[in-house]
Amino acid sequence: MHGEYKVPGGKLVVVDLDVRDGRIADFHLAGDFFLEPDDALADIDAAVNGLPETADVGAIASAIRAALPDGAQLLGFTPESVGTAVRRALITAPGWRDFSWEIVHDRPVSPRMNLALDEVLTTRVGDGRRNPTLRMWEWNESAVVIGSFQSLRNEVDPEGAQRHGFDVVRRISGGGAMLMAANSIVTYSLYVPASLVAGMTFADSYAFLDDWVLQALRSLGIDAVYQPLNDIAGPSGKIGGAAQKRLANGGVLHHATLSYDMDGQVMTEVLRIGREKLSDKGTVSAAKRVDPLRSQTGLSREAIIERFTDTFATLYGAVPGHITEEEYAEAEALVASKFATDAWLHRVP
């Protein structure tokens, strides 16, 4: 059995193993990581050999830590990443390049249509009716997009939203509110089969699915990192955040919003951002929490999106694609029946 796991912001971990009588056998670790001392590699192999095939990531990592010599240094990987690669090998989880990917960057649509398209395209990938897809959003009006479980009245100041021309909509994924001013953010959605993140914890899948965008940001000169659970950040602060929704049919939606440009004063007038929420962020100013891409790169929004799509295509062999008329029609019907209704918007008052 063979398993691979690319550590977000780190190195590739590769494992090969067999299973005999319910236990891991002939285990070998490899990869482009760094490890000192050299013979610690044999210690890791020995620690994993003989473990039950049902051992989870935590149990595998604990066995490895117990076997490592004092002072051992693991650079670019962790015992947990080895455990993840083992679990992926045991369930024969595919890698990125085992799928045929499409990149969609189509005409602007309303925020509600963008949300409906997320549900439609995720469902279709889960059903096998669409290839796994990266979609870059374009929209023709500003909006506040609140998380599936957020309280509308607690998150949004309706007077501020109306004054600044922001519609208010609710998405199907959890997480926090996104202030989506027209032409001021970069938002993308990934529609993937659940098998791509098989063997990973829910938290690990966030970083795994956004590793490509960290590489794109670094190619633009931004020292981007992932901050658990769902933030993308640079040296000067938060750049954006991600959210997920997993459907019963095996489709996974992972989408992220990165700030290109922002008006911090508008954000504080539209969103009800309290001191308690910011207390664990090390700042007293909501505006200072977000570090826009424009100020860091000096590039146009279009140029940044082009770098994102070029990076994704190079890494995973993705080709250009489009949303079909049938998919648009299905999304329009979903807007009417769900995303434009008061019942959906106010489902958490």
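In the predicted model, the largest nonpolar core comprises 65 residues, among which Val 86, Trp 96, Trp 101, Trp 212, Phe 308 and Phe 312 touch the most other members. Beyond its neighbours within four places in sequence, Val 86 is in contact with Val 15, Leu 17, Ile 24, Phe 27, Val 48 and Ile 60.

Ile 60, one of these partners of Val 86, belongs to helix 2, which spans residues 57–67 and whose buried residues are Val 57, Ile 60, Ala 61 and Ile 64. Viewed down the helix axis, these buried residues fall within an arc of 95°, and they therefore line one face of helix 2. The buried residues pack against helix 1 (40–48) and helix 3 (79–90). At the start of helix 2, a side-chain oxygen of Asp 56 comes to within 3.3 Å of the backbone nitrogen of Gly 58.

Two further buried positions were examined individually. Ser 205 lies in helix 7, which covers residues 202–209. With a relative accessible area of 0%, Ser 205 is buried, because that value is under the 20% limit. When neighbours within four places in sequence are set aside, the contacts of Ser 205 are with Val 197, Met 200, Gln 244 and Arg 246.

Ala 233 is located in strand 13 (residues 231–234). Its relative accessible area of 1% likewise places Ala 233 in the buried class, since the limit is 20%. Leaving aside neighbours within four places in sequence, Ala 233 is in contact with Asp 223, Ala 224, Val 225, Gln 227, Lys 238 and Ile 239. Ala 233 and Asp 291 are 58 residues apart in sequence, and their C-alpha atoms are 8.0 Å apart in space.

At the level of the whole protein chain, 14 helices and 16 strands are present. The radius of gyration is 22 Å, close to the 20 Å that the globule rule gives for 349 residues, so the chain is as compact as a globular protein of that length. Along the principal axes, the C-alpha atoms fill a box of roughly 65 × 45 × 40 Å. Of the 349 residues, 52% count as buried. Among contacts with a sequence separation of 6 or more, 71% involve residues 24 or more positions apart. The accessible surface of the protein chain amounts to about 15,200 Å², and carbon and sulfur atoms account for 50% of this surface.

Conventions
Residues are numbered from 1 along each chain as its sequence is written. This is a predicted model: local features need pLDDT of at least 70, side-chain atom pairs count only at pLDDT 80 or more; totals for chains, interfaces and linings use all residues. Side-chain values use heavy atoms; hydrogens and water are left out. Helices (H or I, at least four residues) and strands (E, at least two) are DSSP runs, numbered from the N terminus. Buried means under 20% relative accessible area, exposed over 50%, partly exposed in between (1.4 Å probe, protein chains only). Contact means heavy atoms within 4.5 Å. The arc is that of the directions from the helix axis to the C-beta atoms. A polar contact is a pair of N or O atoms within 3.5 Å; within protein, one must be able to donate a hydrogen and the other to accept it, and residues adjacent in sequence count only if both atoms are side-chain atoms. A nonpolar core is a set of buried Ala, Val, Leu, Ile, Met, Phe, Trp, Tyr and Cys residues joined through side-chain atoms within 4.5 Å. The radius of gyration is taken over C-alpha atoms; the globule rule is 2.2 Å times the number of residues to the power 0.38. Accessible areas come from the Shrake-Rupley method with a 1.4 Å probe; for residues, only the protein chains shown count as cover.
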